[in-house]
Amino acid sequence: MAATTIARSAATHVSLPFPSKSSPSDPSPKATLKLFPKRRRCASVVLASLHGDANGKILGGALELEDSPFDDDASKDLHTLPRPLSSTFVSNSVSEGSRLRVAYQGVRGAYSESAAQKAYPNCEAVPCEQFDTAFEAVERWLVDRAVLPIENSLGGSIHRNYDLLLRHRLHIVGEVKLAVRHCLLANPGLEIQDLKRVLSHPQALAQCEHTLTRFGLVREAVDDTAGAAKHVAFHKLRDAGAVASSTAAEIYGLNILAEDIQDDSDNVTRFLILAREPIIPGTDRPFKTSIVFSLEEGPGVLFKALAVFALRQINLTKIESRPLRKQPLRASDDSNGGCPKPKYFDYLFYVDFETSMADQNAQNALRHLREFATFLRVLGSYPMDASMP
């Protein structure tokens, strides 16, 4: 397996202030989901409390959501826009024939929204401010699925989502690969030579580093690509552009000054589809299984763990290590001639392999791994996305 690394360009991080009320010129507010941190066992939702009885059944409550000054088209019928989240959705959702509600991180026009729509073409895409919010929205039955990025072919892994996979009890039920095609956007009437700076997500700026340097633009990092486009459009900036998708340009009324400005044309992001319940794995089509495990410290222990797959001709497509946060350092059990015992970092290992859990080979491999792993959890066994990004 080969790993690709990329050096990030120096970029200033700026905060994007958006008003909480829509302006008179924009009558179509857009809701973005936010959640309060959990308090004990209460299912507290952002700007709302969903009160429950002793069994945890939700009795009432409603979400108050932020307004956003933009929507996709002022002429669109308001009834075609995604509904604000409400507690009524908790009890009557997909079971009554409504569309799947799919959470993604970002604002309208984000690449994650495109991934959600690729995974579920008829879904109701629900924007969330943070990755954590999307996880909790699924857990609290506010949405049916979440589609979140896990790795990019140029920028590597999204470590935050690896950590959240372990923290939450959601299941991976699918994957979707999306080709990322960056555009340089600006307000109408501007040309590239009018711009002095460009705003976008740090990875997007890094992926377009050579092109932006050639344009002579100062790079400023913000939380997401579509948010950068929204900021440039709302504040009618005349000296700044944004690196974002062509969809974001259409939504926020920006012009595309340059297309496909990424330095490498093979720019693909892989997204995971998360749900409350796992799917039943099959053998009728190619499946992938994702697991996480930890091991005791010792020579050859990781080799031994990976050998359980090699012995059964199971192909590994991904391995990622993350520190075990609650016990980051552990003293060695070996005596060291009276010297202080060396300390080691404890790690979790995330592994993807190309076999369904319905396959006896995969079951035997995990049974073998369980013999010496200190921790093992199957995150999901799901159909592979074999389509062209």
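Mentor: Let's start with contact, which means heavy atoms within 4.5 Å. In this structure, leaving out residues up to four places away in sequence, Leu185 touches Ala229, Gly241, Ala242, Ala244, Ser245, Ala248, Ala249, Leu254, Asn255 and Ile256.

Trainee: What should I know about the model and its numbering before we go on?

Mentor: This is a predicted model, in which local features need pLDDT of at least 70 and side-chain atom pairs count only at pLDDT 80 or more, while totals for chains, interfaces and linings use all residues. Residues are numbered from 1 along each chain as its sequence is written, and side-chain values use heavy atoms, with hydrogens and water left out.

Trainee: How many helices and strands are there?

Mentor: Helices (H or I, at least four residues) and strands (E, at least two) are DSSP runs, numbered from the N terminus. Here they come to ten helices and 21 strands. Of the contacts in the protein with a separation of 6 or more, 76% are between residues 24 or more positions apart.

Trainee: What percentage of the residues count as buried?

Mentor: The scale is relative accessible area: buried is under 20%, exposed is over 50%, and partly exposed is in between (1.4 Å probe, protein chains only). Of the 389 residues of the protein, 49% count as buried. Apart from neighbours within four places in sequence, Ser200 is in contact with Leu205, Glu220, Ala221, Val222, Thr225, Ala228 and Val243.

Trainee: And Arg101, which strand is that in?

Mentor: Arg101 is found in strand β5. At 1% relative accessibility, Arg101 counts as buried. The C-alpha atoms of Arg101 and Val143 are separated by 4.9 Å, although these residues are 42 residues apart along the chain.

Trainee: Now for cores. How many residues does the largest nonpolar core have?

Mentor: A nonpolar core is a set of buried Ala, Val, Leu, Ile, Met, Phe, Trp, Tyr and Cys residues joined through side-chain atoms within 4.5 Å. The largest one here has 37 residues, and Val102, Tyr120, Val147, Leu185, Ala229, Tyr252 and Leu254 have the most contacts inside it. The elements that give this core two or more residues are β5 (101-105), α2 (111-119), β9 (171-179), β10 (183-186), α7 (225-234), β13 (240-244), α8 (246-252) and β15 (268-275). The biggest giver is α7, with five residues. Another core, of 27 residues, lies apart from it, and includes Val138, Val143, Ile158 and Leu324.

Trainee: On to charges. How many salt bridges does the structure hold?

Mentor: A salt bridge is a side-chain nitrogen of Lys or Arg within 4 Å of a carboxyl oxygen of Asp or Glu. The structure holds 14 of them. In one, the side chains of Glu113 and Arg108 meet at 2.6 Å, N to O. Glu113 counts as buried at 5% relative accessibility, and Arg108 counts as buried at 15%.

Trainee: Which parts does the bridge between Lys318 and Glu151 tie together?

Mentor: Those two side chains, Lys318 and Glu151, meet at 3.3 Å, N to O. Lys318 lies in strand β17 (residues 316-323) and Glu151 in strand β7 (residues 145-152), so the pair ties together parts that are 167 residues apart in sequence. Both Lys318 and Glu151 are buried. They also belong to a network of salt bridges that links Glu151, Glu175, Arg270, Lys288, Lys318, Glu320 and Asp352.

Trainee: How do I read the packing of helix α9 against helix α10?

Mentor: Axes are lines fitted to C-alpha atoms, for helices over the stretch in contact, and angles run from 0 to 180 degrees between N-to-C directions. Angles under 35 degrees count as roughly parallel, over 145 as roughly antiparallel, 65 to 115 as roughly perpendicular and the rest as oblique. The axes of α9 (residues 301-310) and α10 (residues 360-370) come within 9 Å and cross at roughly 160°, so α9 and α10 are roughly antiparallel to each other. The contact is made by Ala305, Val308 and Phe309 of α9 and Ala365, Leu366, His368 and Leu369 of α10.

Trainee: At what angle do α3 and α4 pack?

Mentor: Helix α3 (residues 131-139) and helix α4 (residues 159-167) pack at about 30°, with axes 10 Å apart. That makes α3 and α4 roughly parallel to each other. Phe131, Asp132 and Phe135 in α3 meet Arg160, Asn161, Leu164, Leu165 and Arg167 in α4.
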